[in-house]
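Student: Hey, I've just opened this one and I'm new to it. Can you walk me through it?
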Amino acid sequence: MGVDFNKIKSDFISAGKEIGNKVSDASSAAKMKMDIHSKEEYIEKQFTELGRAYYLAHKDEEDVPEKAIFKAIAQAEEELAGMKGELLTLEGAQICPGCGAKQPKGNSFCNCCGEKLEK
């Protein structure tokens, strides 16, 4: 009985195509997972921006159900401002009142916008 090389060749070609299809499917699935993750991140960012807009629009109101959350945010913002001030002191820097750029302490003028800096 002889070896059917055409059959072996056909089987190899068929197996190669099947492997190629599986790789393509796996690649498509991985891309779809990345696209899903990206869209989920986008939605979360939109919720964050919606929350920020709501907070800014209502933070001075007294009778909002979220007032406790608003107070916690305001307190955290105050603490953050203090921490940033401490960091500037540790770094020997200051913030330009004109453009907000960080400048070395002792500069008379901002290196970015030329605004006069406080001593």
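Predicted model: local features only at pLDDT ≥ 70, side-chain atom pairs only at ≥ 80, totals over all residues.

Student: Okay, how many aromatic pairs does the structure hold?

Tutor: Two aromatic pairs. In one of them, the ring centres of Tyr-54 and Phe-70 are 6.2 Å apart and the planes sit at 55 degrees, so that pair is tilted.

Student: Where do Tyr-54 and Phe-70 lie?

Tutor: Tyr-54 is in helix α1, which covers residues 5–58, while Phe-70 is in helix α2, residues 67–91. The pair therefore ties together parts that are 16 residues apart in sequence.

Student: And is Phe-70 buried or exposed?

Tutor: Phe-70 counts as buried, because its relative accessibility is 5% and the cut-off for buried is under 20%. Tyr-54 is partly exposed, with a relative accessible area of 33%.

Student: What about the rings of Tyr-55 and Phe-70?

Tutor: Their centres are 5.1 Å apart and the planes are at 80 degrees, so this pair is edge-to-face. The edge-to-face label needs an angle over 60 degrees. This pair also links distant parts of the chain, with Tyr-55 in helix α1 and Phe-70 in helix α2, 15 residues apart.

Student: Is Tyr-55 buried or exposed?

Tutor: Tyr-55 is buried, with a relative accessible area of 8%.

Student: Changing topic: what pattern does the chain follow along the sequence?

Tutor: It reads α-α-β-β, so to speak, with two helices and two strands in the chain.

Student: What about the overall shape?

Tutor: The radius of gyration of the chain is 31 Å, whereas a compact globule of 119 residues would have one near 14 Å. Along the principal axes, the C-alpha atoms fill a box of roughly 100 × 45 × 25 Å.

Student: How many of the 119 residues are buried, as a percentage?

Tutor: Buried residues make up 10% of them. The chain exposes about 10,100 Å², and carbon and sulfur atoms supply 60% of that area.

Student: Which share of the contacts joins residues at least 24 apart?

Tutor: Counting contacts between residues at least 6 apart in sequence, 2% join residues at least 24 apart.

Note on methods
Residues numbered from 1 in each chain as written. Heavy atoms only, no water. Helix = DSSP H or I, 4+ residues; strand = E, 2+ residues; numbered from the N terminus. Rg over C-alpha atoms; globule rule 2.2 N^0.38 Å. Buried < 20%, exposed > 50% of the residue type's maximum accessible area, 1.4 Å probe, protein only. Contact = heavy atoms within 4.5 Å. Areas by Shrake-Rupley, 256 points an atom, 1.4 Å probe, with all protein chains shown as cover. Phe/Tyr/Trp six-rings, centres within 6.5 Å; stacked < 30°, edge-to-face > 60°.
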